[in-house]
Amino acid sequence: HSIIDRNETSEILSNYLIQQTISFYNLMIRRSCIIIYGPPNSGKTQVVKLLEKAYEKILEDPEKRKYFNLLLPIKEYEIYYNYDIWNDTFGEMREDKELGEVWHCGEFQTYITNLMRYENTHDRILLLNGPLTSKFVNFLAQFAGANDSNAFQINTFDLFEYDHHFHVVIESDSISSLTPSCLNFCGLLSMENLTSKLLHPS
């Protein structure tokens with residue numbers, strides 16, 4: 001509870017966000033890809049930030065830290081993929097006069113490369129924020145679900161192994177376009193509107 005400002009958050013909302021943060025942590029133990037979905041102002045981003053704060057609190061306390069000897073600080077990169085041109089974000093094949101077809105890496109590959117620099121020191125989260133369109137769902141299936149060797153596959157067909165210190169987290173308003181095959185590799189965390197939660201607590 002010390003990770004939430006009690007002066008700004010009611011007890012009902014605090015308890016709800018803490019429970020959702022615990023659920024998010026449990027999903028990270030079991031899944032390499034997690035989709036946090038719900039309407040605007042439902043606390044999707046707060047859950048990720050609260051987990052980061054919880055990690056910080058544990059790691060700065062020697063007594064708590066000895067019970068979580070595999071815990072590392074979180075390094076997060078966020079991509080708002082709906083606000084950019086698709087090819088600029090996820091890459092594309094371009095024609096070069098001298099070399100022929102050359103793969104142009106987008107921001108997505110750049111962020112992954114940068115996160116891998118912290119593989120020995122941090123738990124790494126690549127946070128993708130935007131709608132689950134059919135095009136994105138197909139990309140997600142290729143990236144996280146097309147390989148059986150516990151590895152992610154980017155557009156260049158390069159593979160990098162999944163480990164428990166790297167996660168892809170997607171924040172979206174709806175999962176209506178999600179295909180059943182995505183449930184094989186994605187964990188789902190449903191969020192409620194925080195105003196509704198305050199007015200109608202369960």
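Predicted model: local features only at pLDDT ≥ 70, side-chain atom pairs only at ≥ 80, totals over all residues.
The protein chain contains seven helices and nine strands. Of its 202 residues, 43% are buried. Contacts between residues at least 6 apart in sequence were examined for their span along the protein chain, and 69% of them join residues at least 24 apart.

Helix α1, formed by residues 11-30, packs against helix α2, formed by residues 44-59. Two packed helices are described by the angle between their axes and the distance between the axes. For α1 and α2 the angle is about 80 degrees and the axes lie 9 Å apart. The two helices are therefore roughly perpendicular to each other, as angles from 65 to 115 degrees are assigned to that class. On the α1 side, the contact is made by Leu17, Gln20, Thr21, Phe24, Tyr25 and Met28. The α2 side contributes Gln46, Val47, Val48, Leu50, Leu51 and Tyr55. By residue class, this contact of α1 with α2 comprises nine nonpolar and three polar residues, with no charged residue.

Helix α6 spans residues 134-144, and its buried residues are Phe136, Val137, Phe139, Leu140, Phe143 and Ala144. Viewed down the axis of α6, the buried residues fall within an arc of 160 degrees, so they line one face of the helix. An α-helix has 3.6 residues a turn, so residues three or four places apart point the same way.

Two of the residues on the buried list of α6, Phe136 and Phe139, are also in contact with tryptophan 86. Tryptophan 86 is located in helix α4, which covers residues 86-90. The C-alpha atom of tryptophan 86 is 8.8 Å from that of glycine 106, a residue 20 positions away in sequence.

Leucine 127 belongs to strand β5, residues 123-129. Leucine 127 has a relative accessible area of 1% and is therefore buried, the limit for that class being under 20%. When residues up to four places away in sequence are not counted, leucine 127 touches Glu76, Tyr77, Glu78 and Ile79, together with Val169 and Glu171. Leucine 127 and glutamate 171 are 44 residues apart along the chain, and their C-alpha atoms are separated by 7.4 Å.

Asparagine 41 lies in the loop between β1 (33-37) and α2. The phi angle of asparagine 41 is near 65 degrees, a positive value in a residue other than glycine. Asparagine 41 has a relative accessibility of 64% and so counts as exposed, since the exposed class begins over 50%.

The cysteines were examined for disulfides. A disulfide is a covalent bond between the sulfur atoms of two cysteines. With a cut-off of 2.5 Å between cysteine sulfur atoms, the count is zero disulfides. For cysteine 33, which is in no disulfide, the nearest cysteine sulfur is that of cysteine 186, at 3.3 Å. Cysteine 33 counts as buried, with 1% relative accessibility. Cysteine 182 is likewise in no disulfide, and its nearest cysteine sulfur, again that of cysteine 186, is 5.3 Å away. The relative accessible area of cysteine 182 is 0%, and this residue is buried.

Definitions and conventions:
Residues numbered from 1 in each chain as written. Heavy atoms only, no water. Buried < 20%, exposed > 50% of the residue type's maximum accessible area, 1.4 Å probe, protein only. Helix = DSSP H or I, 4+ residues; strand = E, 2+ residues; numbered from the N terminus. Arc of directions from axis to C-beta. Axes fitted to C-alpha atoms, helices over the stretch in contact; angles between N-to-C directions. Parallel < 35°, antiparallel > 145°, perpendicular 65-115°, else oblique. Contact = heavy atoms within 4.5 Å. Nonpolar A, V, L, I, M, F, W, Y, C, P; charged D, E, K, R; others polar.
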